[in-house]
Amino acid sequence: QVQLVETGGGLVQAGDSLRLSCSASGRTLSTYGMGWFRQAPGKEREFVAAITWSGTSKYYTDVGAGRFTISRDNAANTVYLQMNSLKPEDTAVYYCAAGSTSRTIAAYSYWGQGTQVTVSS
């Protein structure tokens, strides 16, 4: 089993930056592809970014292209999502997930509880 905990969310103003962290316990993340998703109120959960186990390949949607950067530190068993130039439409609960680099929710085996990001205009 892998337990994932996201931290780093909060209330920021448009244009600000945040770095989300996803820390794991139970097992090492070093063999897992990892992803970040988000879910805004009243909307479906959507893919944001993913990274391979080695960190050599990264995937993004248009949502965060050019503004978001996914990275990982396998020694620290942690995955990050650096978010710059935040917009009010980035407001959502952000989730990390382990087990794939797919855009499909069902492809992931483990999920965190999420961290709230609120961007005011």
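A charge is taken to sit over a ring if NZ of Lys or CZ of Arg is within 6 Å of the ring centre and within 35 degrees of the ring normal. By this criterion, arginine 45 lies over the face of tryptophan 111, at 5.0 Å from the ring centre. Arginine 45 also lies over the face of tyrosine 95, here at 3.7 Å from the ring centre.

The model is predicted: local features need pLDDT of at least 70, side-chain atom pairs count only at pLDDT 80 or more, and totals for chains, interfaces and linings use all residues. Residues are numbered from 1 along each chain as its sequence is written, and side-chain values use heavy atoms, with hydrogens and water left out.

Aromatic pairs were searched for across the whole structure, and 5 were found. Rings of Phe, Tyr and Trp (its six-membered ring) pair if their centres lie within 6.5 Å; planes under 30 degrees apart count as stacked, over 60 as edge-to-face and the rest as tilted. The ring centres of tyrosine 32 and tyrosine 110 are 6.1 Å apart and the planes stand at 85 degrees, so this pair is edge-to-face. Tyrosine 32 lies in the loop between β3 (18-25) and β4 (34-39), and tyrosine 110 in strand β10 (residues 110-111), so the pair ties together parts that are 78 residues apart in sequence. Strands (E, at least two residues) and helices (H or I, at least four) are DSSP runs, numbered from the N terminus. Tyrosine 32 is buried, with a relative accessible area of 11%. Tyrosine 110 is also buried, at 16%. Buried means under 20% relative accessible area, exposed over 50%, and partly exposed in between (1.4 Å probe, protein chains only).

Phenylalanine 37 and phenylalanine 47 form another edge-to-face pair, 5.5 Å centre to centre with 80 degrees between the planes. Phenylalanine 37 is in strand β4 and phenylalanine 47 in strand β5 (residues 46-51), 10 residues apart. Both phenylalanine 37 and phenylalanine 47 are buried.

The disulfide count is 1, a disulfide being a pair of cysteine sulfur atoms within 2.5 Å. Cysteine 22 is joined to cysteine 96, with an S to S distance of 2.0 Å. The link is right-handed, with 55 degrees about the S-S bond. Cysteine 22 lies in strand β3 and cysteine 96 in strand β9 (residues 92-98), so the pair ties together parts that are 74 residues apart in sequence. Both cysteines are buried.

A nonpolar core is a set of buried Ala, Val, Leu, Ile, Met, Phe, Trp, Tyr and Cys residues joined through side-chain atoms within 4.5 Å. The largest has 27 residues, and those with the most contacts inside it are Leu4, Leu29, Met34, Trp36, Leu81, Met83 and Tyr94. At least two residues of this core come from each of β3, β4, β5, β7 (68-73), β8 (78-83), β9 and β11 (115-120). Another core, of 5 residues, lies apart from it and includes Phe37, Ala50, Ala97 and Tyr108.

Leucine 81 contacts residues including Leu18, Leu20, Trp36, Val48, Phe68, Ile70 and Tyr94. Valine 117 is found in strand β11. Valine 117 is buried, with a relative accessible area of 0%. The C-alpha atoms of valine 117 and glycine 15 are separated by 13 Å, and the two residues are 102 apart along the chain.

Note on methods: Contact means heavy atoms within 4.5 Å. Lists of a residue's contacts leave out its neighbours within four places in sequence.
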